[in-house]
Amino acid sequence: MLLTALKLKLAALVAVAGIDTAEMPGASKEFTDILTALKADQDKVQANPGAGPDVNKSFNDAVAKVRELAQKDDKDAVYALAHWGVLSGANINEVAALFRKAADKGQILAKSELAQVLMQAGAQNPDAVKEAIKLIKEAEAADNKVSRRMLAQLHLQGVTEGEKGLVVVEKSPAKAKELLEKGEKAGDGEATLGLAQIYSAGVEGIPQDQKKALEYLIEAGKQGSAVALSTYGARLLNGDPDTKESPKLVQKDVTAALKMFEEAAGKGLAAANRILGQIYENGVGPDGADVKQDVTKAFDYYTKAANGNDPQALFRLGNAFETGIIKDPKGKRDDKDNILIQPNPKSALDLYRLAAQNNLAEAFYNVGVYYETGTVVDKDPAKAFTFLMKASTAGIAQAMNRLAGLYANGTGVAQDVVAAAGWYQRAADMGFAPAQIALGILYEQGAGVRQSRMVAAGLYADAAQQGVALAMLRLANLYAVGVVPGTPELPRAWAYANQADEVAKKSGNKADMDVTANVIKQLEGKMKPEEIAEAKKIFEKLPKPQAGAAPAAPTVQDSAPTKAGDAKKKK
């Protein structure tokens, strides 16, 4: 079951910064020339990150030229401005106006993307949803593959309006299937993947059929779907589990998986090169029994994928230039013969920017952090806010946490502690420990939310379960004064302080150990012998932290993440 006949769309005239002129029939020469010049500059950057042209300047120059062309009513230029506006977090109303202008001139991609913007209004704006559905149907009729998949998804869910449930889009898995089959016949790998997912899960009127799902999955990979390719490849690398829910249709065959990815990469699929990079970077099997780790080979593949504009490969290369990469992970980092990539934050930022131009949410976050911290570039809180907002709306918990901090402190945006609490809540709901702690502090103080030590204790407990010592200390302090005001629980406070002390000792951080030891000493100075005995019993019964600490876990020395006093005054 190898992918021996990978079908790729014809090479685009220009594909750069999320714009592909192959999907723009009749694009003007002026517009194409601007993109060609931008691609040439970005190719130089990819070939030699940090040393080529200034990627940000090249992009801004291209935007300025496209803006001039848009003023001459070039529909593709108008669309490109709107598309890039979405990526940079521009005012959504201005973006929608540009999409609408391009759509009115017959730009099909603009119709599809305007529909996506309007659909975000959701139940709050039924008229916007209706307009979006109209645009989706028009774009689908004009053979736009993205709109076809969107319409299929709408038929899977159905769309109703009002209390009486007026049908706007009929819920019909059969119609969804018909649309996806139309896409499959046209060679749209993502539509074919949709069919695979329908048959894998089973929906109303379409019974589950894992064998048929696998056939569609393989075909989707042949048509260039990166998700399908990696999903099927992973099944070949590991073999299917033999369960009733998941019959063992794919046997483990590492050789076949590698051959499949190599064939796809050889036919120009950038994602296949990136997947090969991931395989060789990590190895497969215990101690590389199936595929030996080969970091040099891995980054050769990542580079090929990046040259094919694969955003995840660009991002991984950005990581590599940010931290540096050694050839042998077991060797010494300071051995010059073992260094594959030297740390170079300017090169990292260039690559992150390129990944962001291809709409990778993680890249928006990293670029935002560079502007927030002033790494390689001048500090620019407003730009940091824009990039972090884009990453946050795409669901990146770390971005939500940092965005909340900007709102809390009025950095790059007007101070708004209520908005800060909202973004902390979103990140906390995703299990991000730093946000759980920050939101807990707001609940303790009553900043942006109704004061509640009980809610704060629950948030700290969630973070403590992830092994975060600071959360344990916050609980200790909270119980020391009383979760219920006026009723301190010193034994429970001691138990959490001791748990924090254990975490600090495991980390080997002397400063953290000094803090936790001091808290324990202060508590014991207020406790009777029988209370200490009770505290030890409570400590033994405390839930043990889950394996693996939360990402970016704060230390016990971290200060409160918000200027809560100031925030309350300006609320």
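A crossing is left-handed if the near helix is turned anticlockwise from the far one by less than a right angle, and right-handed if clockwise. That convention is needed at several stops of this tour, which runs through a predicted model.

**Stop 1: helices 21 and 22**

Select residues 433-445, helix 21, together with residues 453-464, helix 22. Helix 21 passes helix 22 in a left-handed crossing. Their axes come within 8 Å and cross at roughly 165°. Angles over 145 degrees count as roughly antiparallel, so helix 21 and helix 22 are roughly antiparallel to each other. To see the contact, show side chains on Ala 433, Gln 436, Ile 437, Leu 439, Gly 440, Ile 441, Tyr 443 and Glu 444 of helix 21. On the helix 22 side, they meet Val 455, Ala 456, Leu 459, Tyr 460, Asp 462 and Ala 463. Coloured by class, this contact shows ten nonpolar, two polar and two charged residues.

**Stop 2: helices 17 and 18**

Next, select helix 17 (residues 361-373) and helix 18 (residues 381-393), whose axes lie 8 Å apart at an angle of about 160°. Helix 17 and helix 18 are therefore roughly antiparallel, and their crossing is left-handed. From helix 17, Ala 361, Phe 364, Tyr 365, Val 367, Gly 368, Tyr 371 and Glu 372 take part in the contact. Their partners in helix 18 are Lys 383, Ala 384, Phe 387, Leu 388, Lys 390 and Ala 391. The class breakdown is nine nonpolar, one polar and three charged residues.

**Stop 3: helices 24 and 26**

Move to residues 490-507, helix 24, and residues 529-541, helix 26; the axes come within 8 Å and cross at roughly 55°. That angle makes helix 24 oblique to helix 26. The crossing of this pair is right-handed. Residues of helix 24 in the contact include Trp 494, Asn 498 and Glu 502, while those of helix 26 include Glu 534, Ile 538 and Phe 539. By class, the contact has six nonpolar, two polar and five charged residues.

**Stop 4: the nonpolar core**

Which residues have the most contacts inside the largest nonpolar core? Select Phe 31 and Phe 299; the core they belong to has 183 residues. Helix 23 (residues 469-481) gives the most to this core, with nine residues. In soluble globular proteins, nonpolar side chains tend to be buried together. Centre on Phe 31 and list its neighbours, leaving out residues up to four places away in sequence: Ile 19, Thr 21, Met 24, Val 66, Leu 69, Asp 74, Asp 76, Ala 77 and Ala 80.

**Stop 5: Glu 113**

Now pick Glu 113, in helix 5 (residues 108-119). Is Glu 113 buried or exposed? Its relative accessible area is 17%, and buried means under 20%, so Glu 113 is buried. Beyond residues up to four places away in sequence, Glu 113 touches Tyr 79, His 83 and Phe 99. Phe 99 is 14 residues from Glu 113 along the chain, with 7.3 Å between their C-alpha atoms.

**Stop 6: two loop aspartates**

Most residues other than glycine have a negative phi. Select Asp 73, where phi is positive, near 70°. Asp 73 sits in the loop between helix 2 (55-70) and helix 3 (75-88) and is partly exposed, at 40% relative accessible area. Then go to Asp 143, in the loop between helix 6 (126-141) and helix 7 (145-157). The phi of Asp 143 is also positive, near 75°. Asp 143 is exposed, with a relative accessible area of 53%.

Conventions:
Residues numbered from 1 in each chain as written. Predicted model: local features only at pLDDT ≥ 70, side-chain atom pairs only at ≥ 80, totals over all residues. Heavy atoms only, no water. Axes fitted to C-alpha atoms, helices over the stretch in contact; angles between N-to-C directions. Helix = DSSP H or I, 4+ residues; strand = E, 2+ residues; numbered from the N terminus. Parallel < 35°, antiparallel > 145°, perpendicular 65-115°, else oblique. Contact = heavy atoms within 4.5 Å. Nonpolar A, V, L, I, M, F, W, Y, C, P; charged D, E, K, R; others polar. Core = buried A, V, L, I, M, F, W, Y, C linked by side-chain atoms within 4.5 Å. Buried < 20%, exposed > 50% of the residue type's maximum accessible area, 1.4 Å probe, protein only.
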